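I'll jot down what I look up as I go.

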There are 2 protein chains.
Amino acid sequence: MKIAIDAMGGDFGPEVTVPASLHVLRNHPNLSLILVGKEEIVCQELEKEEGHDASRIEVHHASEVVEMDESPSLALKRKKDSSMRIAINLIKEGKADACVSAGNTGALMATARFVLRMLPGIDRPAICSAMPGIAGSSHLLDLGANVDSSAEQLFQFAVMGSILKSAVESINAPSIGLLNVGEEEIKGNERVKNAAKLLTESNLNYMGFVEGNDIYKGEIDVIVCDGFMGNVALKASEGVAEMLTTFAKEEFSRSIFTKLAALMSRPVLNAIRKRTDPRRYNGASLLGLKGIVVKSHGSADKLSYAHAIEEAMKEVEKSVPKQIETQLHDHLELSA
Amino acid sequence: MKIAIDAMGGDFGPEVTVPASLHVLRNHPNLSLILVGKEEIVCQELEKEEGHDASRIEVHHASEVVEMDESPSLALKRKKDSSMRIAINLIKEGKADACVSAGNTGALMATARFVLRMLPGIDRPAICSAMPGIAGSSHLLDLGANVDSSAEQLFQFAVMGSILKSAVESINAPSIGLLNVGEEEIKGNERVKNAAKLLTESNLNYMGFVEGNDIYKGEIDVIVCDGFMGNVALKASEGVAEMLTTFAKEEFSRSIFTKLAALMSRPVLNAIRKRTDPRRYNGASLLGLKGIVVKSHGSADKLSYAHAIEEAMKEVEKSVPKQIETQLHDHLELSA
């Protein structure tokens, strides 16, 4: 299996992507990687690390870099030799089975869509990621690629999410929930109600409407929503977590006594942090494309980025795009 | 000032609403309350409490109760002698300046809209509530009353939120943010983009797009979104908080050592809880009606419910509906 790495992408570029790549290579003897980026910089990082299997690593030069705040359409039009573009091209050319990038999400989406094209029957790509939860982990999609999704598109997201969850976690018939403002059937807007109708008629394991708090219960395998909802839910959650962290820091540093309490609670706080660690959930899938593209958080560190590469590996092993193509066809035939 | 209390509403009914009412009466010598509900039950609760000023409290019998899970349209059609309906009628009849209810949100909304009617120029009511935040408290609206809002409706929400914030917190020209999937101007769907255009052209203190995490930063006075977004953001936030609480409980109870840490950290954990206590933020305003209606959480306790009554008092003092009517007119003239 060969995976292309956009070595320049993300807040830290090769400083993170190169050590992460070597880390994953060590653990997976059948994996080869193509590091795409400015050759000089990438090789410099490679030289810092010792004892890696050079036969399974290849550096592919790309003269440009897509900036994190660059307009997706401009990046697509003007940066034809960017590390991101070249990494995606390698899939198209059959030289890589997947690509991983921590770069500009909009540009990655636009470029992947332009170069790889959509699978037949899928209108738009969706971003899907695992979320931390009390009883387990739910996959949530779409996370920001689409701001207005029709009922049919929400149905497509459900099919894609179900296949991804089933593939990467070996779950048979994952349970599917549709995000809404209440669990009662009369709740929600027309799009959501119509999507519920399509899901009820399908052979997906559809459980009905779920609400925002269900994302973190971890009882439903896949939660479907449009990208606006997904983005708002995710960002609001980050906001709460940030607020609680800020308040905890302030309160724990008020006095000698609270500082002592903080010291004593450190193992507990670390355990909580570990259970909700975004690094364990890093690696969002761009679903619906004729190829496997995994997006890492821009601020990912080595272990986090390594997790995103392993996510791509799982999707290659299970041929997720191929499965989506076949199964969507079956679902559409069924509902037709 | 006279406020009607839907004494039967909420998960606990008169057990909470009556003691809360008496608590608020004690602190506000100019306030009178009308407790609406089953006379026998309400009087029974009143008898439990001693030393209240009976001259400022009145019991108004209502033979029916709207159940928490009852269909709003059925409640509206069939329960014409419910405590909720009668409490709202008292505003319409000029016998009360406002009403507070912890009952079924949908039924409260439908009944208030039917009995009181909308202010001229406002299409739909919005639910608005203060949220906890790092730097201060933002008001968020709409919180679930409307699932699809046009650009014009989002603009109306902004006007109403601005007036409410200005009235209850004495802030001059509150800052307004529009919830979106990114801060860049090109982001979002057509409705949000058009609402941004209306807001930019208005004389509101519009700051631009904000994201989900800005809700908990507390740097923007009023954050505007449609009810679907608002509900998803709120419920997702509850979900995260619940997950973190569950994990904290589990981790703090793992061993003697962690239990000791929990004991030592109790003052800190209590301080954090207090700063984010939903009770301090209880009392969501139903805005856009020809009258003041405040919704308490169904599970509110005495202090929490008292807070909702005080919220209604502030809105009466500042004649919020009258202000909305006048200022919306000014804003519309300006933008016409």
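Why is α6(B) largely enclosed by the rest of the structure? I looked, and 16 of the 19 residues of α6(B) are buried, so the rest of the structure largely encloses it. Buried means under 20% relative accessible area, exposed means over 50%, and partly exposed is in between (1.4 Å probe, protein chains only).

Ground rules before I go on. This is a predicted model, where local features need pLDDT of at least 70 and side-chain atom pairs count only at pLDDT 80 or more, while totals for chains, interfaces and linings use all residues. Residues are numbered from 1 along each chain as its sequence is written, chains are lettered from A and ligands numbered from 1 in the order in which they are written, and side-chain values use heavy atoms, with hydrogens and water left out.

**Entry: helix α6 of chain B**

I noted that α6 of chain B covers residues 151-169. Helices (H or I, at least four residues) and strands (E, at least two) are DSSP runs, numbered from the N terminus. From first C-alpha to last, α6(B) reaches 27 Å, close to the 27 Å expected at 1.5 Å a residue. That expected span is 1.5 Å times one less than the number of residues.

Then I checked a residue inside the helix. Ser162(B) is found in α6 of chain B, and it is buried at a relative accessible area of 9%. Setting aside neighbours within four places in sequence, Ser162(B) is in contact with Pro174(B), Ile176(B), Leu204(B) and Val222(B). Contact means heavy atoms within 4.5 Å.

Just past the helix, I found Ser170(B) with a positive phi of about 50°.

**Entry: helix α6 against α7 in chain A**

I moved to chain A and looked at how α6(A) meets α7(A), which spans residues 190-201. Their axes come within 8 Å and cross at roughly 50°. That angle makes α6(A) oblique to α7(A). Axes are lines fitted to C-alpha atoms, for helices over the stretch in contact, and angles run from 0 to 180 degrees between N-to-C directions. Angles under 35 degrees count as roughly parallel, over 145 as roughly antiparallel, 65 to 115 as roughly perpendicular and the rest as oblique.

The crossing of α6(A) and α7(A) is right-handed. On the α6(A) side, Ala151(A), Glu152(A), Leu154(A), Phe155(A) and Ala158(A) make the contact, and they meet Arg191(A), Asn194(A), Ala195(A), Leu198(A) and Leu199(A) of α7(A). A crossing is right-handed if the near helix is turned clockwise from the far one by less than a right angle, and left-handed if anticlockwise.

I picked out Asn194(A) from α7 of chain A. Asn194(A) is partly exposed, at 38% relative accessible area. Its C-alpha sits 29 Å from that of Ile292(A), a residue 98 places away along the chain.

**Entry: helix α9 from both chains**

The helices are residues 256-276 in chain A and residues 256-276 in chain B, with axes that come within 8 Å and cross at roughly 140°. So α9(A) and α9(B) are oblique to each other. Among the residues making the contact, I wrote down Phe257(A), Leu260(A) and Met264(A) of α9(A), along with Phe257(B), Leu260(B) and Met264(B) of α9(B).

**Entry: the nonpolar core**

The largest nonpolar core has 168 residues. I take a nonpolar core as a set of buried Ala, Val, Leu, Ile, Met, Phe, Trp, Tyr and Cys residues joined through side-chain atoms within 4.5 Å. Leu178(A), Val224(A), Val293(A), Leu178(B), Val224(B) and Val293(B) touch the most other members. Beyond four places in sequence, the contacts of Val224(A) include Leu141(A), Phe157(A), Ile176(A) and Leu178(A).

Asp142(A) is in the loop between β6 (138-141) and α6 of chain A.

Arg117(B) is not a glycine, yet has a positive phi of about 70°. It is in the loop between α5 (105-116) and β5 (126-131) of chain B, partly exposed at 45%.
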